[in-house]
Amino acid sequence: MSLMDSLMAGLSLVSSFEAFAALFLGICIGVVGGAIPGLSATMAVALTLPFTFSMQPITGILLLLGVYKGGIFGGSRPAILIKTPGTPASSATILDGYPMAEQGEAGRALGMALWASCTADLVSNLALILFAGWLASFALKFGPPEFFALILFSLTIIAGVSGESLLRGALAAMMGLLLATVGLDLVYGTNRFTFGDPNMMGGLNFIAVLIGLFAIPEIIAMAWNPVAHLGQARQLGNSTVTFADYRRSFKSIIRGSLIGVFLGSIPGIGAAPSAFLSYSEARRNSPNKENFGKGEIEGVAASEAGNNGVAGATLIPLLALGVPGDVITAIIIGAFMVHGLQPGPMMFLLNVDIIYGLFIGLIVSSVFLLLIGSVAIKGFRFVADVPKRILMPAVLVLCIYGVFAVNNNIFDVGVMFVMGWLGYLMMCFRIPAAPFLIAFILGPLLEDNFRQAMLMSGSNPMILFRGPITWFFWLATVVTVFAITRSIFSKST
Amino acid sequence: MKQLSAHVHVGIAACLIALFLIFIGIPKAVSSPSNVQNIVLAPTFWPYVLSGITGIIGLAMIIGGWHQPVTKVNDDESRPGALGWLRLGSLAVIMIVTMFALPRLGMVWTTMLVFLITALMFRTRHPRTAVLCAMLIPLALYLFFAHVAGVGIPQGNYVRLP
């Protein structure tokens, strides 16, 4: 199929009212969800997932991508107005966004956040379109040993960068891998940790695990301390962002977008480190570096470009390799699976229409984000006023319906509750949930590819080092472990 | 007595979990055919490897955390008082009761009660809104999932919805 044929196939798939309406609605949900501190873009995507089951695959996935993109932008609003990031990715926006709000320039900061987000989103989407296909065609050469080495590398980097402690991240990843062994054995079909219960023979339901890990702990935390933590929201002020502001910050926006694209395309790093790196680079190169941290608009632009630049790029490893780039794309992979799609290089051959449909939808999403974001800036107060002590019971009810709807199985609701308590314990002991979830998804792939490689080679482990691709990933794994360990030791001394 | 850091506690828990899995969990709960020719292909191999690595991580946490200074946490967060524990316990009970009530009362009625009880337990300042939401949200979700998505929502043994 030529590029034009693929593009036309994608266009025919996506050119329906439902698809664009889903994308539009998704961005609205994301902008609102991301703006509510404690809800976060991750939880918004997780809670929206069950509503996509009855939709066409492209419509459902566009809805979730809309929530993702809207959520990342939405997190900037509470960061600027109440000094509380709606999502971790918006933490860097506080540094200059809140001082601007204190000076009565919240409207200007929010406007710049919107423009920087949309620009970075566009750059990120273009990078996805340019690189995903190329990477997928390269990945077609991968066999089980290459995939094993790739997934091992992804797990290493995810465990290492997703929290304050490498060991806690690694422990979370191990727990996720262990939980993924529940079910029938892939080769011999024997029981593993099923305790004779037929509900567990297919393994634990992925949606139940993810909603349990990300939504339920927030509800349990509210039971522990029900006092709402919303601070005093600042006024928008009269000043708005101008084209001169945008032009002055343009270099930082593009730099931040490229940093986001680069870091986003490496599985596991995510939006928050990208935002901070983009911010520090903007500060280093700016003629106004002494204003950074005191309300510099370029700082807001850089951090927002950094975190939004990640949004499209995290889909590069997802679509091309079947490896989620961050926790939200790990949830989105669930939507692909529910609709019988397996992201990875074969998808570029078997479902190229869906791939190009997604590309078209993503480009349109940048425009929708600009439109919705402009309106949402003014509507923040309504979102900030949502009483959290009504919101959380609603989330609990939504979780029960959503998890039940996956398999029409009450057992899954129980799994969600148990995972919720586990997630809460992890939260209390500051063990990050993201490596757990990503390892839970990648665990079966890792084991499957390992055992296939062993079957291929007659159990000769040297097959895991059979060519330059495997060597590359092994080397990358070693370098990553070394770099993370060194950074830990340098921090502690 | 030396006060141990949270790192050490987590490490000890990880070691205990690993030991439990290696000596009790895997031998009892993972069945492996007797004719497996190579150990790396056995169904027990992967769980043993993962348990072993978990134990090693746990040991590393204990060793690393032993000399780590104990970080003081905010007293308000660490000691919420008996009410906090009571609410946590109540939420656990609500979840257990929900599991029993879902097939008997039906999902709509159960979730209505769950909404109302949790909102009151969270000491909402908007009780009337909570009652209204407790009725409307489960109904709206029922309408979507049952009539749009075609999901067979449990109706229970008493009052059935159209």
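**Contact criterion and model**

Two residues are taken to be in contact if their C-beta atoms, placed from the backbone, lie within 7 Å. The structure described here is a predicted model.

**Surroundings of Leu437(A)**

By this criterion, and leaving aside neighbours within four places in sequence, Leu437(A) is in contact with Gly176(A), Leu210(A), Leu213(A), Val327(A) and Ala330(A).

**The largest nonpolar core**

Leu437(A) also belongs to the largest nonpolar core, which comprises 215 residues. Together with Val45(A), Ile211(A) and Ile332(A), Leu437(A) touches the most other members of that core. Helix α7 of chain A, residues 106-139, supplies the largest share, 17 residues. Chain B takes part as well: its domain 1 (6-71) and domain 2 (77-148) both give residues to this core, so the core lies between them.

**Overall form of chain A**

Chain A contains 23 helices and two strands. Its C-alpha trace spans about 70 × 60 × 50 Å along the principal axes. A compact globule of 493 residues would have a radius of gyration near 23 Å, and the 22 Å of chain A agrees with this.

Of the 493 residues of chain A, 63% count as buried. Among contacts in chain A between residues at least 6 apart in sequence, 79% join residues at least 24 apart.

**Interface between chains A and B**

At the interface, 54 residues of chain B are in contact with 49 residues of chain A. On the chain B side, two or more residues each come from α1 (6-29), α2 (45-66), α4 (82-105), α5 (107-121) and α6 (127-148). The greatest contribution to this side is that of α2(B), with nine residues. By residue class, the chain B side consists of 38 nonpolar, 13 polar and three charged residues.

Conventions: Residues are numbered from 1 along each chain as its sequence is written. Chains are lettered from A and ligands numbered from 1 in the order in which they are written. This is a predicted model: local features need pLDDT of at least 70, side-chain atom pairs count only at pLDDT 80 or more; totals for chains, interfaces and linings use all residues. Helices (H or I, at least four residues) and strands (E, at least two) are DSSP runs, numbered from the N terminus. Ala, Val, Leu, Ile, Met, Phe, Trp, Tyr, Cys and Pro count as nonpolar, Asp, Glu, Lys and Arg as charged, and the others, Gly among them, as polar. The radius of gyration is taken over C-alpha atoms; the globule rule is 2.2 Å times the number of residues to the power 0.38. A residue is buried if 20 or more other C-beta atoms lie within 10 Å of its own, exposed if 12 or fewer, and partly exposed in between; C-beta atoms are placed from the backbone. A nonpolar core is a set of buried Ala, Val, Leu, Ile, Met, Phe, Trp, Tyr and Cys residues joined through C-beta atoms within 7 Å. Domain bounds come from an automatic or database domain assignment.
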